[in-house]
Structure formats: structure tokens, C-alpha cells
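Have the viewer open while you read.

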Amino acid sequence: MGTNTVSSRAPSRRQVLGGLAAGAAVTGFPHVAGAQAKAIRVGMPTILSGRVAILGTSSRAAAQLAFRQINEAGGINGRTLELIDRDSKGRPDEAAKVTRDLINNDGCEIIIDGEASSGAFAVHEVIRDLPVLCLHTCSETSSLSADPKLHVKTAFRCARQGIHDAVAGGTYAARNAKAKGLKRWMTCSPDYAYGRDNTAEFLEFAKMFEPSIETVDQVWPKLFAPDYTESITKILQTKPQAVYSALWGGDLVAFIEQSNLYRLFNSITMFSGGLGDPPVLTAIKQLPPGLNTAYRYNRNYPAKPANAAFADAFAKIAGHEPTNWAWQVYLGCLFIAEALKRTNGRTEGTALAGALKGMSIAAPFAVGDTITMRDSDHTIIGYPVAWGRTVPKAPFVEDFSDVGWGKIVELETQWKKSKGYA
Amino acid sequence: MRSGLLSPGLLRDVAFAIAALALLLVLPMAFPAPALRDFLIYFFAYGLLAMSLNLLVGLTGLVSFGHAAYFATGAYAFGLLMQTGRVSIPLAMLAAVGGTALVALVIGAICVRLKEIYFSFITLAFQMFIHSVIVTWVSLTGGDQGLRGGIPRPPILGLDLNDARVLYGACAAVFVLCILAMRQVSQSPFGYTLRMIRDNPARANFLGVDVTAMKLGIFVFAAAMASVGGLILALFVSGAYPEFAFWTTSGEAIFMIMLGGTTIFLGPLVGTLLLQTLNHFVTIYTEHHGLVLGTVILVIVLGLRRGLADVVYDWLQGRRTTRPNTPAGPTPEGAEPAPLPDGALKSRIV
Amino acid sequence: MNLEALVDCLSSASCAVTQVSTGLIVGMLLFLVTSGLSLIFGVLGIINFTHGAFYMMGAYFAFTAYALTGSFLASMAAGAIGVGLFGMAFERLVMSRVYGRDILMQLLVCYAMILILDDGVKILYGGEYRMMGMPDVFALPPVEIAGGFVPGYYLFMVGVALAAGLVLWLGINRTRLGKIVRALAINPQMVGALGINTTLLYAGVFGLGSLLAGLAGALAAPIRTLTPGMGVSILIESFIVTVIGGMGSIAGAFLAALLIGFTRAFGAIGFPLFVDGLMFALMALVLVVKPSGLLGREAA
């Protein structure tokens, strides 16, 4: 990984230097530097350090992969795409600062926002101020695109959206609950806005489809808690039939391993929103079979050669299987390339936004033929929202069952009305 | 003797402030890169945080680990008021500063009774408490996702703050005004009482000084000044985030004043400039900024053993008096170097 | 608040056993980390803010040793001894240079070290989540005690923590070396005047404190996720424990860690949403009522 990072960074570093020099010398016309250069610069503020560093490193690897492929195929009207990534250290004000710098100083004409939660909203505000094209590739918070008050003309979400997952999860849970008679449910989710919203929406839809489901108790471990013993023993005491958890990443790895010590999953059916992410699955040493999980990414689903090819190419760069963030970034790059083609290489935010609205592309990850960037609220539909079951062998999840997008969109519309968003 | 100095001191400070403001306003005209303005606005925000913290640490000897709590309350109070859409910016600023002062009054009344390290701990505890309130009270603050939807910038007196240059000018003016206010406080009789409390609290008490009240006074004032820093940042990034109240933000403020030095009035600004610059460039060139930043801090601390501004100041003093100077001797200094009220002016950097 | 559930639980043997064991499990690992922090403060008078990073190093050392040798004992030894030696080197090369200086200088040095160690781990191991894996010896179903269940590994972990705490306490209070260390905490000049090498002692005590953090990290490696920056939350928790128990008091650390452990275990049953707030409130309360902590000496 080390050599990869160095070699891929080396050119960008030099060009950043050039950009800086140009920015400082030709002060006042920083865009000139970008416009005259052959490459189209794409900036990526993301988190490359600390506990969720894998978010940034896997996002970056996916963008590097996509840009290399696009450039090898001839680029955009002879111009190449060039990635400039920068670490926000997980601080929203820093994310705002590096985004502004990327646009103002480094001549980036497009932003891929690889920031989580609060950072994504901070970048969103920068884009309101400096209207270049921006694709959020990490934030799943529904309001970012669903709330018309937050709408920014040149900002799009190229990532899963909480409400879509909730409808799919609710449908799947209800189906299982009916088939296996799972009535007593408990939840164990991280105590922060995303964890709480995600859990509430999951339960709302599960109960809508299967009214016999009853929430007997809820535990809320702290986000990034290292130890889940008290939550696990609480679940043991309450003896629910099923548990839903919105835990993700390293927290989920610890939760599963610690639950294993108590043989928790022998008697309880587990439904997880985050287990389907390959790095989580690989990190867990003893993955119990038969846990239900939402799709995050899988090389075998959708079962397309292009998808497997993406997984192989990504693994070669990053040294591990793609993350959920990786496919989202990769898809975002495909959208950017297609939009640039349609504008004939023009990079103005409004022009690109116009091209992107309602665009459908044949992506390796499309459940049907295409994934569409919805015109009305700038968010994608048609991506995989399936649920599957864990098995001990890589890629660890199989037996995916899909929920139709027609139904998801219908229920999403109802939800938007109830929230006053539509 | 002091009262005699005060008036010309004030005049000099005001003249200096006007010159500094003029410089700050001219600078972006000479180098009109937006990045320079952005950089300076962050410098103003964190500079105020560091300067106000030094009123506690350097001036009074109160080592607060939780100063960013007030930076955050300022940002949130300001942001929430502006989002109602019914308040003008100056009014929201005053209310945010006043509100923060009130919060600081309550918390400070408990904290300043504790001594030394225990004061540090309890300020940290209250900061974590405020952070958890921000994260938990989702309906008001947006929780971990921060204050969303942007902070509107209605024009004040015909000035359109949505114009980046005007926004910069306004922030520069507020910044200089606050520094001037802090300077006046530190040079006032109140400020000298605080120095006495720092150097010898027993003596101060013996002389009839109400030590607790004095400490509380500076605690509230420092918090109010920190809140101005917070609201500048909120105005600029058009949002407020729980990270503002996290202990790492307080930590960074401490590093800024340690890098700059605590004895000279403007030392913390030197530290802020140093850390911000370092952070800016290191982030551009490498993702391993932790490694680089950590190493640089170690070298400075172990090599110089004190803040940069302090070292420069000592060096200047040493040259001036032409005595064989003894900077950074190996003996740990229990008593800090004597406060240098007016001499400090000579080594103002920035 | 759900007091009824709490009473129900306490009156049922199985629930009581499970929750008491939970309290011990949560508390004892915390105690192990905290005892090192407290020891260093008690003798050297400095707060080692890198303690959380040392815990992280212990976990990664154990992870590497286990991956290389497949031996759990080797992994524990690597975590404990590796970090202990690193701690001694850190004390000699860095920390000793800021003794007697402003506490802020010490804080700054520690912060720099945390930045370097976190980044170092990321460079060596990448940002991915890592898990050491449960050794085969402990891959058993949980032990049943009066209807409650306790995993075998946790019994071992609590045992190690208790043993380490006991050895530490006996070592300080019942041995000649312990007497010297206690004297060192009160009057280092006198100890030095008696011809005892205080420099070596300081390094030794710092190394021992670090070793405890490393041991805790190694014990946590099979059950907790390894990521860069994993030491931060541990640092904050152990800091709270140290303050509540009394800075520099091993027994206080033990008491406070148990208190936190049981608050979380029974809090999960009786008052699930207050637990975090309760910890801060407890810390603030202790500071206001008795700043030196439950079992701490009055501030010198």
C-alpha cells in the first residue's frame, strides 16, 4: 500500500506545488491555472487519519482507479482527470477550509466530498458559496438531499440514502418476522443522530409491513465505544427473538466478537445495517453464519462481470476488498466523466449540474440496467438495497434478496410528505 | 505609577490597533488570493480562542482544559439566533457573547474555587458535559451533524457580508477590537491584581483582594472573548459543529499558546499563526501530518523548552541589556519571569 | 428510570450474576489501564497523556506477535514488555526533559507523541479494522454460574487484572523497593542523597506504568477492534477513573473503576440513557466535594 500511495501522490504533489505557486503569483485569477492546464482537477476532502481512516483511504483508492481507467480510455476531449485529495482529520471546519482551498487555490473544478456526517454538511455550505459541481459520496443522512431547505443547485449525493435502506430493511425484516414468527425485537444502535434516525426508520417500516412486531427494549451504546458487554448482557436478560443494530465499522466488529463470547447469536436472530461491508466481514475472526445484513458492497452482487472486475482492480490498489464508500466514489467518478462528456469538457458548476440532473448510467452496481441521478432531489436510485445472510466463506454474504425500487420510491414519497419535504 | 502609564499606554495601543487593522485590510488587496483571506479568518477565530485562553493561563495562572466550550456556545448561540431570521448580525453577536458570559458565570462560579490541576480537570468535565449536551439535544443543535442549513448573512448598514471581501473586513475589525479589549483588561489595575494572584495568591488574599471574585471575573471575560472567535468561525463556515466543543479544540488552543509563549501579550497569536501555517502546508504535502506535526512540536518543546515568542523576546532583551543572557537554563523555573507590562510592546510581532 | 427492572434483576440469581460479572469485566480492564496512569502520577507527579496511545501499542504489539507465533502467551508478553520498554525509552529521551516544567509543556510533549504514534500505527498497519482473534484455549461456551453466563476469556481477563493490581499493591506497600518508590514520591532529593539511582527508578516506574497499559491493550486485542486512534476513548475513561479515585492512588483507581463498571452494568438495566452523563456528573461532584478524589491524599 505504501508504494502505491507514494507513486500515486507524487505527481499530484508536484502539481499542487505548481498550483500553489500559480495561485500565489497570479493571485486573483487562481482559476486560470486550472483552466490552462491540461488536466481537469477534482478535489476530494476526506478523512485520512484517526479511527475512520479507512473511509478516506478506500474512497481515494476508488477515485484513483476510476480516473486511471478514464484517462487510459482517452480522458475527456483529450484532457485528463486529476485527483487532489486532502485530509480533514474528521473536523468539519477543517473540511470547509480544505474544500475552499481546493477550489480557490488548487484550481479544482469539481469536488468529490468524502466527508462523513457533519463534515458533509460543512462542505455542502461551501458549495453554496462557491458553486462548483460537488458529489457527496459518503453521507447517508436523508435530509442532505431530501430537505428542500438544504438544496444546493450544484450539489448531488452519490451514496445510499438512509430512507431507502430503511424501506428495504423494513420489508426484509417483516418478511422474515412473518415466516419465522419473530415478534419480540430489540435494537442496539450507536447513540448519535444517524444511529437513532436509522433505527427509528427501520422499526417504523418493519412495523408497517408486519404489525405483530413489538419493540421490547432498546440499548444505545456510545459511538466508538470499545466495549459492548453491558449492552450484550442486557440483550441476554431481555431475551428478544430478534435484534436490529445500526452499528457499523470497527464498532460492529467489536460487537460481533464480544457477542460471540456469550454465544448470543445461537438463540437470537440478528439483523444488521452495517455488517455487509467487506472490511467489517474480513476483520471479524469468527463470523457466525446466518446473520442477516443489509447490502453494503459485494463482489458477487449484482452478479455482473463489470462488478467483479471492479472488485479485483480495487483490491489491487487498496490491498483489500472495496468498501461501501469505494463503490459510491467509483460511481461518482463515472457520473462526473459522463457529465463532462455531455458538456463537451466544460466544467462550470451549473453546466455540469444540468447534465447530471436525471442522468442514467450503466454502472457495474446497478440492480437493473442503470443507476439514475434523480432530477428532483439530486440523489441516486437504482443501486443495490438488498439484504443477505452471512456465510463463513469469502465474500461472506450470499442469498441476497432484493426489494423493488418501485415500492421504495413510493414509500419514500409518503415519508417525504410526512416530513414536509414534498 | 500605574495610573500614570495607563493613558499613554492606551493611546499607544489604539494607534497600534489602527495600524494593525490597516495592515490586515491592505494585505488581501496586495495579495488578492481568496485562500489568504480564508486563512486569515481562521487565524482570527483561533487567535481569539488562544488569546482569551492566555488571559487565564498566562495572566492568572488558571490552566483551563475546557476553554473551547465557550468557543462552541458562542458559535451555536449565534448560529441559532441567525437561523431564526429575525435578528440582525450585531444583535445576534451581542446576545451570543452575553449568553456565553452567563453560561461561563455559572460554570466558573463552581470551577474557580478549585486549585491548580483540579481546576483543569473540572473545566474539562464541564466541557465534555457541554459537548454531550450538543450531541444529545438533536432537535435544537442537529446533534453530531451540526447546525445545518447555513447561517444567513443579512446586510448590516448596507454592507453585504455575502461578499467575501466585506466579510473578511468585518471579521478583521471585530478581531482587532477584541484584541484591544483584552489588552486593556490585562493592562488595567484588574489585570495587575490577576498577576498578583498568579504569583502569590496568599499575598493577594492578605491584601484584601477577593481572589475568587477576581478569578471569576477573568473567567467570564475570557469565555466571552472565546465566544467571539467561535461566532466568527460559525459566520464563515456557515454552520456550527459539536467538534468545536470537543476537548481536542481546547487542546489545540493550549498548544497554540505554548508554541507562542505565555509571557508576552501577543505570544499566543504567534503560536496560532505557527500552528495554522504548519497545519495548512503539512496537510497539503502529506497525509502523515500527525507524524510531521508531532515531530515539529517535540523539536520545539525539547529544543527551545519554551514558546517561540518568549525565546525571541529573551533574545532581544539579552541584546538590549548586553548582559550575558541566560535563556532557558536547565533549572526548572518555579517562578515565571516577571511580567513585563510595557516592555512587551517592543516585541510585538504580527 | 426503571427501578422495577433493577429490583427484578437483583432478586434473580442469573441476572445478578451476569450483571455483576459485567461490572467486573468493564471495570477491571479499566482498572488495569488506570493503575498505570495513577502509578506514574503518584510517583513522578506527571500526567501521562500518552497512556491511551500506549494501550493502543500494546494491542498492536500483541496482534503482531500473535500473527507471527500463534501463541497467546507470546502476544501478552509482547504487548506488556514491548510497551514497558518503549515507555522507559520515552521517559528517558523525552519526558525526563520536561520534569519540573509547566504541566502544559508535559501535555504538549504527550500530544506530540500521540500524533506520532497514531500516525505510525496507520503507516504500519493501514487504516483497516483489525482483530487479533480469540485463542483456541478460550473458544469455549460461556461458563454457567447460578443460571448466569460468564465467558471464559473474561474470567481470565478479570483474573489477570486482579493479579496485576494485587502484585502492584503488595510491591509498593510490602517490599523494600516499594518503600523506596514511596519515598521517591515524597522526597526525591533525600532518596538521591542516600545513594540510590533515582534516574533509573524514575525510568523504571514509568516503564512499569506503561507496561500495565500495554498489558491491558494486549488483553483487549482479542475482543476489541484495533484501529489507529483507539486509545482516545480509553484515555478519557481512565482519566475520569483516576480523578474520581484520587490521583496517584492505586486503591482509589480500583474502587473508582469498579464504581464505573457497576454503574454501567446496572445502569444499562435501570437508567439506560444516563450512564454517560452520570460519569461526568460523578467526576464534577467528586472534584467539588473532595478534589483529591475518593482515596487520594490531599494536594501537596
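This is a predicted model: local features need pLDDT of at least 70, side-chain atom pairs count only at pLDDT 80 or more; totals for chains, interfaces and linings use all residues.

Residues are numbered from 1 along each chain as its sequence is written, chains are lettered from A and ligands numbered from 1 in the order in which they are written, and side-chain values use heavy atoms, with hydrogens and water left out.

**Chain C against chain B**

Let's begin with the pairing of chain C and chain B. The contact (heavy atoms within 4.5 Å) takes in 38 residues of chain C and 37 residues of chain B. The two chains bury about 3600 Å² between them, with 81% of it on carbon and sulfur atoms; buried area here is the accessible area (1.4 Å probe) that two parts lose on being put together, summed over both. On the chain C side, C:Arg101, C:Leu104 and C:Leu108 lose the most area to chain B, together 18% of what that side buries.

How many salt bridges does the rule find across the interface of chain C and chain B? There is one, taking a salt bridge as a side-chain nitrogen of Lys or Arg within 4 Å of a carboxyl oxygen of Asp or Glu. C:Lys122 makes a salt bridge with B:Glu287, and their closest N and O atoms are 2.8 Å apart. Polar contacts come to three residue pairs between chain C and chain B, both residues at pLDDT 80 or more. A polar contact is a pair of N or O atoms within 3.5 Å; within protein, one must be able to donate a hydrogen and the other to accept it, and residues adjacent in sequence count only if both atoms are side-chain atoms.

Which elements of chain C supply at least two residues each to the side that touches chain B? They are helix H5 (103-125), helix H10 (231-245) and helix H12 (275-289). Helices (H or I, at least four residues) and strands (E, at least two) are DSSP runs, numbered from the N terminus. H5(C) gives the largest share of this side, 14 residues.

There is also a nonpolar surface patch of about 360 Å², made by B:Ile110, C:Leu285, C:Val288 and C:Val289. Patches are made of residues with over 30% relative accessible area and no salt bridge, with like charges joined within 9 Å and nonpolar side chains (Val, Leu, Ile, Met, Phe, Trp, Tyr) within 5 Å; the accessible areas come from the Shrake-Rupley method with a 1.4 Å probe, and for residues only the protein chains shown count as cover. H12(C) gives the most to the patch, with three residues, and C:Val288 is found in that helix.

**Chain A against chain C**

Now turn to chain A and chain C. Here 33 residues of chain A are in contact with 40 residues of chain C. Chain A and chain C bury about 3200 Å² between them, 59% of it on carbon and sulfur atoms.

In one salt bridge, the side chains of C:Arg264 and A:Glu230 meet at 2.9 Å, N to O. Residue pairs in polar contact number eleven between chain A and chain C, both at pLDDT 80 or more. Helices H3 (53-72), H9 (229-238), H10 (249-261) and H11 (278-283) of chain A give two or more residues each to the side that touches chain C. The largest share, seven residues, comes from H10(A).

**Details inside chain A**

A search of the whole structure finds 35 salt bridges over all chains. One within chain A joins A:Lys178 and A:Glu210, with the closest N and O atoms 3.6 Å apart. The pair links distant parts of the chain, 32 residues apart: A:Lys178 in helix H7 (residues 162-180), A:Glu210 in the loop between helix H8 (193-209) and strand E7 (214-219).

A:Thr372 sits in strand E12 (residues 371-373), and its side chain has a polar contact of 2.8 Å with that of A:Ser360.

| Cis peptide bond | Omega |
|---|---|
| A:Tyr301 and A:Pro302 | about -10° |
| A:Ala394 and A:Pro395 | about 0° |

A:Pro302 lies in the loop between strand E10 (292-295) and helix H12 (305-318) of chain A. A:Pro395 lies in the loop between strand E14 (387-390) and strand E15 (397-401) of chain A.
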